Amino acid sequence: MEPMLIQDVLKVLPHRFPFVLVDRVLSAGGGEVHALKNVTIGEPFFPGHFPQEPVMPGVLIVEALAQASMFCLHGELEPGTVGYLAGVEGARFKRKVVPGDQLHLYAKLEFLRRGLGKTTCRAEVDGAVAAEATILFAVGKG
């Protein structure tokens, strides 16, 4: 597939600023996805987390992974279908994510049955793992 730019990402995800955390999808197919989140100093959470040392909150890295996970199902869901976070297992944070980083989001679909799914995910910066998690989600009409 051709990379999906932000205009195409917004057609799939129901999220909007300041909560859309996927800027581009580089590849999606066969139940796997590689997406990007460009982390800038203009992010609305940095003034409070933390003013002297801006760090992307771990929960937002997990949310970015969850949003990227929806692209594992690219082309398989009806328009208007929304993914809802149902659980997070084994979340581990291995390095800080700071302004200027490009967060590479990888997700692999483990299963999707009766509207419930599971992906194994990792976020990397410069080839180093920043976070890992297993995402559980439910899909339904938005």
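1. Serine 69 is buried, its relative accessible area being 1%, where buried stands for under 20% relative accessible area, exposed for over 50%, and partly exposed for what lies in between, with a 1.4 Å probe and protein chains only. This residue belongs to helix H2, helices (H or I, at least four residues) and strands (E, at least two) being DSSP runs numbered from the N terminus. The side chain of serine 69 makes a polar contact with the side chain of threonine 119, at 2.8 Å. A polar contact is a pair of N or O atoms within 3.5 Å; within protein, one must be able to donate a hydrogen and the other to accept it, and residues adjacent in sequence count only if both atoms are side-chain atoms.

2. Some words on the basis of these values. The model is predicted, and local features need pLDDT of at least 70, side-chain atom pairs count only at pLDDT 80 or more, while totals for chains, interfaces and linings use all residues. Residues are numbered from 1 along each chain as its sequence is written, and side-chain values use heavy atoms, with hydrogens and water left out.

3. Strands S4 and S5 (residues 116-125) pair in the antiparallel sense over nine bridges, two strands being paired if DSSP finds at least two bridges between them. They form a hairpin with two residues between them, and arginine 114 in the turn has a positive phi of about 50°.

4. S5 is also joined to S6 by ten bridges, and these two strands run antiparallel; leucine 116, for example, has alanine 138 in S6 as its bridge partner. The hairpin of S5 and S6 has two residues between the strands, and there aspartate 126 takes a positive phi near 50°.

5. How many salt bridges does the structure hold? There are seven salt bridges, each defined as a side-chain nitrogen of Lys or Arg within 4 Å of a carboxyl oxygen of Asp or Glu. One of them joins lysine 96 to glutamate 53, with the closest N and O atoms 2.3 Å apart. Lysine 96 lies in the loop between strand S3 (81-93) and strand S4 (102-113), and glutamate 53 in the loop between strand S2 (32-38) and helix H2 (58-69), so the pair ties together parts that are 43 residues apart in sequence. Lysine 96 is partly exposed at 45%, and glutamate 53 is partly exposed at 39%.

6. In another salt bridge, glutamate 132 pairs with lysine 94, the closest N and O atoms being 3.7 Å apart. Because glutamate 132 lies in strand S6 (residues 128-141) and lysine 94 in the loop between S3 and S4, this pair ties together parts that are 38 residues apart in sequence. Glutamate 132 counts as partly exposed at 31% relative accessibility, whereas lysine 94 is exposed at 53%.
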